[in-house]
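Subject: Structure for your files

Hello,

Here is the structure you were waiting for. My notes on it follow below.

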Amino acid sequence: MESALTARDRVGVQDFVLLENYTSEAAFIENLRKRFKENLIYTYIGSVLVSVNPYKDLEIYTKNHMERYRGVNFYEVSPHIYAVADNSYRSMRTEGKDQCILISGESGAGKTEASKKILQYYAVTCPASEQVQTVKDRLLQSNPVLEAFGNAKTLRNDNSSRFGKYMDIQFDFKGAPVGGHIINYLLEKSRVVHQNHGERNFHIFYQLIEGGEEDLLRHLGLERNPQQYQYLIKGNCPKVSSINDRSDWKVVRKALTVIGFSENEVEELLNIIASVLHLGNVQYGGEDSNACITSDIQIKYLPRVTLVLSVFACLHLSLTFLSLCVFHHQLMSPLNLEQASSARDALAKAVYGRTFTWLVNKINTSLTYTVYTRTHTNYSVIGLLDIYGFEVFQHNSFEQFCINYCNEKLQQLFIELTLKSEQDEYEAEGITWEPVQYFNNKIICDLVEEKFKGIISILDEECLRPGDASDLTFLEKLEDTVGGHPHFVTHKLADAKTRKVMGRDEFRLLHYAGEVNYNVNGFLDKNNDLLFRNLKEVMCMSENKILTQCFNREELSDKKRPDTAATQFKASLAKLMEILMSKEPSYVRCIKPNDSKQSGRFDEVLIRHQVKYLGLMENLRVRRAGFAYRRRYEVFLQRYKSLCPGTWPNWDGKLSDGVSTLVKHLGYKPEEYKMGRSKIFIRFPKTLFATEDALETRKHSLATKLQAGWKGYSQKCKYQKLRNSAIAVQAWWRGILARRRAQHRRQAANTIRRFIKGFIYRHKERCPENEYFLDYVRYSFLMNLRKNLPKNVLDKSWPTPPAALTEASEHLRKMCMQNMVWSYCKKINPEWKHQMEQKMIASEIFKDKKDNYPQSVPKLFVSTRLDGENINPKVVQALGSEKMKYAVPVTKYDRRGYKPRHRQLLLTANSAVIAEEGKLKQRIDYGTLKGISVSSLSDGVFVLHVPSEDNKQKGDVVLQSDHVIETLTKLAICADKINSININQGSIKFTMGQGKEGIIDFTPGSELLVAKAKNGHLSVTAPRLNSR
Ligand SMILES: Nc1ncnc2c1ncn2[C@@H]1O[C@H](COP(=O)(O)OP(=O)(O)O)[C@@H](O)[C@H]1O
Ligand SMILES: [Mg+2]
C-alpha cells in the first residue's frame, strides 16, 4: 500500500480501511467496481484480502509475481493473494507461530482457486530438497483427486467444491514443506442421488465413463454413456463445455499414482464408483406397500463390483426389507416403494460419503512425512480453510443451515481474534483502550449450538424422541423454546410485514450477515442420515477392502445411536475452531462478480448481496472502530521523513520523537493520531491521504534531487576515475623519468669513476682500467680535431694529440695539409700559378734572408708597376721589338755623390733598361749582369753588378725600389739570375768604373734614410721590422 504506487495501483483505494466513507456500502462497492474494471481483483480490508473472481486468466500469477511478493512487507506491494501467503509464511518463520488462511465466499467466488494459488506459491517459493519435492508434488496432486470426488458442476460454478476443506501444510525448521493433512467437512452426499436441473453429479462418475479404458468399463459393467445411469441424468446435463472429462480422467489417474495409490486400491475405488452407478439403476416395482426389485439386470452387477456373491441375496433383501430388532428378535418388515428407494439412495450416499472420507484419509497417509512425524514433532503449520460462505437461496434447507452456522462460527472467530489482537495491540502500545463498537454474533452462535436450548439440540431431540416427530413438530418446538430470541422469527411469531415473505414451514434466523429463511422440510431426515442396519451389515460383509474399512462391524455392535448429522457437524466445527484459534489467522474473502461466469461483468446487486453476507462491511467497521491506520515508527518515518526538514534526510534521535516532529510539522491535530510505544495510530484515512498526497508531490522534487545527486555522484565518480588514471599515468611516467635519471646518474658515476681510474692508469699499458679513458681521450681528440682543423695551408695550428695518438696525429696533420694543398692547387688558375711561381722564387731567394720579405709575401706581385701611359713613347720606340715584361719606378743613386734620381727600370726579355723621361740611359744585357746585391735589412736598395771592363757600362748601378722583393724576383726570373742575388750583411761593395770601388753601409734604424756618409760611403738606414 505504501509502495511506490503506479497510477494503476492507485485506482480507488487499495485498502478499504482508507475509504473516507467507510460506513457506506455504495462507496465500498464503487471502490470494488473501479478496481475490478482495471482488472485489480484484490483489495484489502486491513489484513483481510477481498478477491473478486475475474473469470479470466490474469497475468498475475507468474513466477515473477511470486518473486515480487517473496519476503516483501505486506503493504509495500499491491494487494495479492501471494502477499497473504507470503505474510503468513514469514510470520510462521519469524514468530514461530502456526498460521491459517481462511478463505470464504459463495460458490464460484474463487475460493478453491485461491487455495490452489497459495499452495502453488509455497511449492515454488519455499526451499526444497529432493525428499520435499515428493511432498510438494503430493500436496499439489491431492487437489485434482479431491476435486474429482468432491467437486461437481453446479449452476454457480462448473467446478464447485461440494465439501469444506481444511488443509494443513507442515513446514520443517528450514521452512520447507514436509507434509500435509486434510480435514473434510460436510460433503454434499445428496448430490450422489439427485442433482438439480443443469447440475451434475461428482466429476469422477463422468470422468470414469468418458475416460475409462474399454477393458476397465467392461470389467465394471459400465457403458460409455452417462445417460444410462439414473444417478447421472437428474440434472440433464452430462456434458459441460468448460470441462474435459476425458483429459481430467488422465490427470486424476496420474495424480492417484503420484499420491501413492496401488493398482489394487485404484481398482477397488473404481469398483465402488461403478457400484454406486449400478445401485442407482436399481428399480422398484410391485405394490405400494411391498416393493420389489424390477431391474435384475442392473443389480446383478452389484455383487460383482462391490460385494461378495454370497451376499447377493442379502443385498437384494436389504434393499426391499427393513430389519427390525424388537425385544431381541430380528424381524423383517417389507418396505414400500418410497422407503425402498430412499433405502437405496441412503446406501449410495453412505457408500460414496464414507469412501470420500476414506479417500481423504488415504491422501493424509500419503502426505504424512514419516521421517518427520517419527523424529521431529515440532514442525510449523499453515492451515488453508476453503469452506463455503453464507448461502442464501430461495429455499434454504438443512445444508444451508449448517453452512450458515459454520459462517457464524467463523465470524465469531474473526471477531474474537481481530478484536483480541486489536486490544492486545492497544495494550502493547500503551494506548488507552477504547471500546470498539461492533455486533458480536455470539448470541446467534448460542442460538444454534447451545446445549439443550439451541436449535441443534432441539432438532436432535425431535429426531430421537419416540412418537410422531416431524419437521413441523420440530418447528413448533423451536417456537416454544427459542421463540423469544431476538434473532429468531417464524411465521407465527413474525409481524405482519415479515409474515408476507415467510412460509408457515419456515423459520428465519437473523444472521450477522443478514436474514435467512429456512424451510424445515427434510431437517429431521437429513439430520438422522439413517442407513438401515441390515444394509450396513451387508456392507460389512463386502470383500472390497475400502468398504470394509468404511463399514466396520464395531459400528453394528455399538448399540449407541450414532450422532446426528448436525451434532457431528457441530463437533467437527468446534474442533475446527480449536484448530484455528491456536493459529494466527489471515482472511481471504472471495466475491463472484456475476452469475453467468462472465469476465468483466460487475453485477452490482449480486455483489452487494455478497458484501453483505460475507460481512465485509462488518469487517470494515470492526477494523475501523479504532484507528484506520497504524504503522511502526521506523516504517512511518522512513516513508514520510522527506516531508519535514527536521527529519530529512535522516533522524538520529528516538524514533517516536522523529515521528512526533514529523506529524507536528504535517499539522496533525491531537485527535487525529495517537503515539504508541512502537507505532503511530492514525484515526482517519483522510489524514493519511493528505500525507500521501504531500509525499506524492514531494516525490517529484525528491526525484529531481536524487537525479541531480546521482548525476553529480556519477560525474564525480567519472572525474575521480579520470583523476586516478591521470595520477597513475603521472606516477608511471615519473617513475620512468626517475628511473631514467637514476640510470643516467649511475652511468655518469660509472663514467666518472672509469674516467678517474683511467686517468690514474693513463700511462700504463692498455688495460681494462684505462681502456675507456684512453678511448675517450682518443675520441675526444679526434672530435676536437674535427672541429679545429686548420682553416688554410698557412694556419699551422693543430691540437696537441695524446701520447698514443702522436703518430697518428702527425699522419693526420700531413694528410690534412696535403688535402688542403691539393684542394688549394685544384683551385689555382694559370695567372695565380704564375704568381705563385714568382712567389716561390721570391721565397727561395729572400726567405729568412731579408727583413722585409715577410711583408712582401701577402702582397701580390703585379705584372708591371708602370703601364704604357707612364712610359715615354720614345723609350718604347727605342726598345724596338723588344717586348717589355716589367717596369717599375726606381731611385738611382749617382756613383759620384750618390745623388738620388728618379728613373724607370724596364725589364725586357734580354735586358734591364734604365730610362729617364724619353731617354734610354742604360741597358744592361742579362748576359752581362754579373750579380745583384741587396742588404739583409728592410731597405729597398740594390746593386746591379756589371763587368767593370765593359766600357759601355759606367760601373755597377745602385738603385732603390719601394717594391724591392717584387722587382728583384722579376729581374731574377727575366735574367735567369736566381742564384746570382747576394744578400749581404752590413755593407755592399760595388764598382764605380775605372777601377774605383764604392761601399754602401747598411744599418738598422728607426726609418729609411739614404745619404752619403762622411766616410764617402753610401749610408742606408733601414727601419727595424719585428719579423726577425
Ligand atoms: N483468480 C482467478 N483467476 C481466474 N479465474 C478464476 C480465479 N478464481 C476463480 N476463477 C474462475 O472461477 C471458477 C470458480 O472458482 P472456484 O475457486 O472453483 O470457486 P469456489 O471454490 O469459490 O466455488 C474457476 O473454475 C475459475 O474458472
Ligand atoms: Mg471450491
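Predicted model: local features only at pLDDT ≥ 70, side-chain atom pairs only at ≥ 80, totals over all residues.

Residues are numbered from 1 along each chain as its sequence is written, chains are lettered from A and ligands numbered from 1 in the order in which they are written, and side-chain values use heavy atoms, with hydrogens and water left out.

The second largest pocket has a volume of about 1,500 Å³. A pocket here is an open set of points on a 1 Å grid over the protein atoms alone, where a 1.4 Å probe fits, with protein on both sides within 12 Å along at least five of seven lines; lining residues have an atom within 4 Å of a point. The volume is the space filled by probe spheres set on the points, which are joined across faces, edges and corners. This pocket is lined by 45 residues, and Ser-47, Asn-87, Glu-425, Glu-584 and Lys-679 lie nearest its centre. Helix H16 gives the largest share of the lining, eleven residues. Helices (H or I, at least four residues) and strands (E, at least two) are DSSP runs, numbered from the N terminus. By class, the lining has 17 nonpolar, eleven polar and 17 charged residues.

The count of salt bridges is 44, each being a side-chain nitrogen of Lys or Arg within 4 Å of a carboxyl oxygen of Asp or Glu. One of them joins Glu-30 and Arg-33 (2.6 Å, N to O); both residues lie in helix H1 (residues 25-37), three residues apart, about one turn of the helix.

Two backbone details are in loops. Trp-648 and Pro-649 are joined by a cis peptide bond, with omega about 0°, and Pro-649 sits between helix H28 (633-640) and helix H29 (655-666). Phe-452, a residue other than glycine, has a positive phi near 65° and is found in the loop between helix H17 (442-449) and helix H18 (455-464).

Regards

Terms used: Nonpolar A, V, L, I, M, F, W, Y, C, P; charged D, E, K, R; others polar.
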